[in-house]
Amino acid sequence: MSDANLNRSGLYFDDQNKIRIFDPKLSHYAANLINECSEFINNTTEFKSVVHDYVKLVDTLKEKVGKEKIKALGSRNSLKSATQKKESDRKHLISLIDEKKHELSRLTTLEQSLAREGAEQKDLMEKLTSYR
């Protein structure tokens with residue numbers, strides 16, 4: 001069979017006289033395609049590895065953020081309860097101050113009353129002792 005008949009059948013001879021199913025003129029395109037596919041697969045595998053590492057990093061950060069969030073909530077609750085206790089203590093102290101002011105006022109009034117009564121009794125004693 002001649003080369004033309006083989007070519008019509010889809011068979012070709014290359015430079016080394018081997019039978020090929022691709023036209024030798026187009027074989028370098030096939031080789032380039034194979035190289036590009038191989039490079040694409042390598043790049044895809046590398047990308048997959050990078051994405052996997054990134055996902056692991058994000059998961060680790062997510063866990064850390066979750067722990068910090070819980071700590072922050074605990075701190076906020078502690079601060080809130082401390083603020084409430086402080087306010088409660090302040091109100092209690094104000095109440096005690098008011099009670100002490102009222103007691104001071106009562107005792108001051110009592111002292112003044114007792115002082116007047118003592119003065120009246122002293123006057124009465126002087127009058128009684130002067131009549132003798």
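Predicted model: local features only at pLDDT ≥ 70, side-chain atom pairs only at ≥ 80, totals over all residues.

Biologist: Which residues make a nonpolar surface patch here?

Modeller: Phe 47, Val 51, Tyr 54, Val 55, Leu 57, Val 58 and Leu 61 make one of about 650 Å².

Biologist: Where is the place of Leu 61?

Modeller: Leu 61 belongs to helix H2.

Biologist: Let us turn to the whole chain. What does the secondary structure come to?

Modeller: The protein chain has two helices and two strands, and along the sequence they follow the pattern α-β-β-α. Helix H2 spans residues 24-130.

Biologist: How much of the chain is buried?

Modeller: Buried residues account for 2% of the 132 residues. The chain exposes about 12500 Å², of which carbon and sulfur atoms supply 59%.

Biologist: Now the charged side chains. How many salt bridges does the count come to?

Modeller: The count comes to three. In general, side chains of opposite charge can pair when their charged atoms come close.

Biologist: What is the N to O distance between Lys 71 and Glu 68?

Modeller: That salt bridge has an N to O distance of 3.5 Å. Lys 71 and Glu 68 lie three residues apart in helix H2, about one turn of the helix.

Biologist: Are those two buried or exposed?

Modeller: Lys 71 counts as exposed because its relative accessibility is 52%, whereas Glu 68, at 47%, counts as partly exposed.

Biologist: And which residue meets Lys 85 in a salt bridge?

Modeller: Asp 89 does, with an N to O distance of 3.1 Å. Lys 85 and Asp 89 are separated by about one helical turn because they are four residues apart in helix H2. Asp 89 is partly exposed, at 35% relative accessibility.

Biologist: What about Glu 87; with which residue does it form a salt bridge?

Modeller: Glu 87 pairs with Arg 90, and their closest N and O atoms are 2.6 Å apart. Both residues are in helix H2, three residues apart, about one turn of the helix. Glu 87 is partly exposed, with a relative accessible area of 32%, and Arg 90 is also partly exposed, at 43%.

Terms used: Residues numbered from 1 in each chain as written. Heavy atoms only, no water. Salt bridge = Lys/Arg side-chain N within 4 Å of Asp/Glu carboxyl O. Buried < 20%, exposed > 50% of the residue type's maximum accessible area, 1.4 Å probe, protein only. Patch = residues over 30% accessible without salt bridge, like charges linked within 9 Å, V, L, I, M, F, W, Y side chains within 5 Å. Areas by Shrake-Rupley, 256 points an atom, 1.4 Å probe, with all protein chains shown as cover.
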